[in-house]
Amino acid sequence: MAAASSSDSEGDRAESEASSKWLDAHYDPMANIHTFSACLVLADLHGDGEYKLAVGDLGPSGRQPCLKVLKGPTVLAESALPALPAAAAAFLMGQHEPRTPALALASGPCVYVYKNLRPYFKFSLPQLPPNPLEQDLWNQAKEDQIDHLTLKEMLEGIREKAEVPLSVQSLRFLQLELSEMEAFVNQHKSKPIKRQAVITTMTTLKKNMADEDAMSCLVLGTENKELLVLDPEAFTILAKMSLPGVPVFLEVSGQFDVAFRLAAACRNGNIYILRRDCKRPKYCIELSTQPVGLVLAHKVLVVGSTQDNLHGFTHKGKRLWTVHMPAAILTMNLLEQRSRGLQAVMAGLANGEVRIYHDKALLNVIRTPDAVTSLCFGRYGREDNTLIVTTRGGGLIIKILKRTAVFAEGAGEVGPPPAQAMKLNVPRKTRLYVDQTLREREAGTAMHRTFQTDLYLLRLRAARAYVRALESSLNPVSATAREPLKLHAVVQGLGPTFKLTLHLQNTSTARPILGLLVCFLYNEVLYALPRAFFKVPLLVPGLNYPLETFVESLSDKGISDIIKVKRGENILLEGPETGQRVACKTSERTVLEAQERSPGWTCRSAGSQYTGGSETPASMQSEMRTALRPQHQETRSLGTR
């Protein structure tokens, strides 16, 4: 049984690997790597075409920070760091050969630059002026004018109220126990007060060209709410920008010498957009929660929030979409497959999933045995598309994207529409709103009765208007089930000649209509119609049949009148001689034949006419006389109307 179960599990695993887009290259749960995405970088550090992985390791429990360089699954080099790393980046310092990139690691107030895995340069942030009140207190402690307890009380007051933060020396002093404070004061009271800024984030910006092997500048975000752009050769400050908050994530696009845009996500929950030659932010994106990641993909800023959501924004702050995650977002990074021109966003979740999104469409889901803490995608070794994943327990996972893998955009997340996640901007309650609410409470019954009365009157007027429309045949839909028709007219032209088009439609389900006649009722003094009588063809259910004629306005005074469309039941035929008239039903075939083949006969229906030829066929005279006798009285009334 055990052998059978193990064989089944191995078969399922082989089947899942065959259907997956990734190859499992390496997994070491005991790699002892504790870092986050900003401290992972893939670069050709020796210029030999073999890409290595540089890791700014925090160490177990945030102690013993170090720089590790991995070649494949093994650690190639390791060096200790004086402080916890904040970010790592690879950049080219110049155009000279060999074009070997340098490795920059931000730690504390310094940036350590390595070339060929050897220390090359150390850049330190400029010192900040200390708080004058803090400086005065330490001077008094140096002259023994105050004791350590008074110094502690005064420094605590400054820390709570002063705008300028305290120095590291004062902050360490406030963290000590009472028994250790006196010795600390005696040891440090003679030292000058220094207030040093700390680097919080770092990225690279192309100097003057957008090529992959072009020179890049370092962009630093500091604890004192500033952004610094460093020269890649002299390491001098090229530009300095101020922010309303402390930056924690940076994304840049463009070139420093041409034009660039810089997006900074800050601890105050806002994202600020800056441009070249701008000392202050140009746009601001306000988030409802704190950001946990910022990625720029295809000119769209993708932000992860602590509400387990991914948001897409433009550079001007317009929200494009929102996707909800099944678990908390721990880290984010960019997946760029250059061979296919794909840029997607990777999100590492607390449930051990790595989700890949192109805009709001879910492309792929990778499951890991532990919560993901950092992600990095790029060339590793000699493989172009390699995914590096570290887990919360210090594990290292290396996956290689199959060369035949294609990310197809699915339907995205299954769930409520994105509009449901948008919060409504509800205005504040005004005095007028409160007064109106009180009035509705007091006179609610009377207001309801008035509303019901108006509603009944509205229904009555609508019913009366409907009855009038049926009586005057103004309704475009037939009210009888015998001939279910729908008709509407379209008038085109500016005059005096107009084009009148009737659209007929059979609204029945399966029964066609045959032998239908349509005529126009109009004032002959005002209008002239060359064709005022139509023989409608067979009406198939559901199809639209247009009938066209022209109307000429005869009045030069701009007088207008109504032209009615009627399915006439009686047709009056007038011959060329005086008193020669025949009245017939419009559905009779003889009338149609007489109309088409009777020269000189005129077809009238309450004012409308259709003129045929000049003589009547002899074969139809007996039929017309037969039709005339029983309807003689009706014929005279129609003729004199």
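Residues are classed here as buried when their relative accessible area is under 20%, as exposed when it is over 50%, and as partly exposed in between (1.4 Å probe, protein chains only). By this criterion Cys-39 is buried, with a relative accessibility of 0%, and Cys-110 is likewise buried, at 7%. The structure is a predicted model, in which local features need pLDDT of at least 70 and side-chain atom pairs count only at pLDDT 80 or more, whereas totals for chains, interfaces and linings use all residues. Residues are numbered from 1 along each chain as its sequence is written, and side-chain values use heavy atoms, with hydrogens and water left out. The number of disulfides (pairs of cysteine sulfur atoms within 2.5 Å) is 0.

Salt bridges, defined as a side-chain nitrogen of Lys or Arg within 4 Å of a carboxyl oxygen of Asp or Glu, number 17. In one of them, Asp-213 pairs with Arg-99, with 3.9 Å between the closest N and O atoms. Asp-213 occupies the loop between strand 10 (199-206) and strand 11, and Arg-99 the loop between strand 6 (85-91) and strand 7 (102-107), so this pair ties together parts that are 114 residues apart in sequence. Strands are DSSP runs (E, at least two residues), numbered from the N terminus. Both partners are partly exposed, Asp-213 at 43% and Arg-99 at 23%.

A salt bridge also joins Arg-338 to Glu-336, at an N to O distance of 3.9 Å. Arg-338 is exposed, at 55% relative accessibility, whereas Glu-336 is partly exposed, at 31%.

Strand 11 (residues 216-222) includes Ser-216, which is buried at 4% relative accessibility. Leaving aside residues up to four places away in sequence, the contacts of Ser-216 (heavy atoms within 4.5 Å) include Phe-91, Leu-92 and Pro-232. By contrast, Asp-277 is exposed, at 66%, and is located in the loop between strand 16 (270-275) and strand 17 (283-286). The C-alpha atoms of Asp-277 and Ala-239 are 8.6 Å apart, with a sequence separation of 38 residues.

Leu-543, in the loop between strand 33 (533-536) and strand 34 (544-553), is partly exposed at 46%.

Terms used. Helices (H or I, at least four residues) and strands (E, at least two) are DSSP runs, numbered from the N terminus.
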